[in-house]
Amino acid sequence: MQEVSPPVSVTYAIDEARFMRACGELWAYRALGRAGNYGLAGVVMLCAGFLFWQGVPGPFALLLVAGALVFVAMDLLRDRLWRRHFRALRKYKAPITATVATAGVGVSSLEGDHQQPWKLFLGFARTESFLFLLVDQRQFSVIPLDAFEASEAAAAFETVLSRHLRRLPRRFL
């Protein structure tokens with residue numbers, strides 16, 4: 001039998017800069033962050049430079065340079081797409097209240113009041129500054145940890161999450 005826990009709520013507001021910082025933390029948590037993309041681009045550029053220096057014939061070095069540019073372009077495009085996504089979402093234009101309880105996750109925002117069952121979510125992740133409720137690989141909700149009045153409230157919120165969802169492991173490159 002599943003343990004019944006009292007509902008835990010948090011109300012917060014999030015602006016575009018903070019949302020993008022949250023996205024960056026989530027991407028880094030999932031080993032897809034800006035540092036990883038730029039690090040890969042740097043390694044590929046070093047390999048291309050080594051091939052140029054060695055005088056290796058053929059298009060290999062140029063292909064590596066093009067590959068490095070793809071890593072940078074992917075990062076810039078992802079940033080632009082998520083900024084556009086944030087601006088299109090009405091719910092971020094006013095405070096949001098998220099409530100976790102035995103029945104699921106309740107969200108109250110400008111878009112209305114919604115109750116989502118636990119089975120809708122893939123899992124959750126926690127970084128230093130944010131909690132993320134992941135619906136799938138691309139959809140998630142951001143909850144700033146500093147929105148909780150006390151660390152005990154954040155711990156209670158996370159305890160309810162842990163009872164119903166699995167915490168997604170941090171990935172590294």
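# Notebook: strands, helices and cysteines

I began with strand β2 (residues 96-101) and strand β3 (residues 104-109), which pair in the antiparallel sense over five bridges. The model I am reading is a predicted one. Within this pair, I found Thr 99 opposite Gly 106 of β3. I then looked at the link between the strands: β2 and β3 form a hairpin, with two residues between them.

**Entry: from β3 onward**

I followed β3 to its other partner, strand β4 (residues 112-116); five bridges join the two, and they run antiparallel. For Ser 109, I noted Gly 112 in β4 as the bridge partner.

**Entry: the open sheet**

I turned next to an open sheet of three strands, whose order is β5-β6-β7 and whose pairing is antiparallel. Which strands lie at its edges? I identified them as β5 (123-126) and β7 (140-144), each of which pairs on one side only. From one strand to the next, I noted an average twist of 20°. Strand β6 (residues 130-134) pairs with β7 over five bridges in the antiparallel sense. There, I looked up Phe 132 and found that its bridge partner in β7 is Val 142.

**Entry: Glu 158**

I located Glu 158 in helix α4 (residues 151-164). Is this residue buried or exposed? Its relative accessibility is 11%, and buried means under 20%, so I count Glu 158 as buried. Setting aside neighbours within four places in sequence, I listed its contacts as Phe 124, Arg 126, Leu 131 and Arg 167.

**Entry: helix α2**

I checked the length of helix α2 (residues 34-54): its 21 residues reach 30 Å from the first C-alpha to the last, close to the 30 Å expected at 1.5 Å a residue. I then listed its buried residues, which are Gly 36, Asn 37, Ala 41, Val 44, Ala 48 and Leu 51. Seen down the axis of α2, these buried residues fall within an arc of 135°, so they line one face of the helix. On the other side of α2, I found Ala 35, Leu 46 and Trp 53 exposed. What do the buried residues of α2 pack against? I found that they pack against α3 (60-88). Just after α2, I noted Gly 55, which takes a positive phi of about 70°.

**Entry: helix α3**

**Entry: cysteines**

How many disulfides does a search of the whole structure find? I recorded zero. A disulfide is a covalent bond between the sulfur atoms of two cysteines. I also looked up the accessibility of two cysteines. Cys 23 has 0% relative accessibility and counts as buried, whereas Cys 47 is partly exposed, with a relative accessible area of 39%.

How values were computed
Residues numbered from 1 in each chain as written. Predicted model: local features only at pLDDT ≥ 70, side-chain atom pairs only at ≥ 80, totals over all residues. Heavy atoms only, no water. Helix = DSSP H or I, 4+ residues; strand = E, 2+ residues; numbered from the N terminus. Expected span 1.5 Å × (residues − 1). Buried < 20%, exposed > 50% of the residue type's maximum accessible area, 1.4 Å probe, protein only. Arc of directions from axis to C-beta. Contact = heavy atoms within 4.5 Å. Disulfide = S-S within 2.5 Å. Pairing = 2+ DSSP bridges. Axes fitted to C-alpha atoms, helices over the stretch in contact; angles between N-to-C directions.
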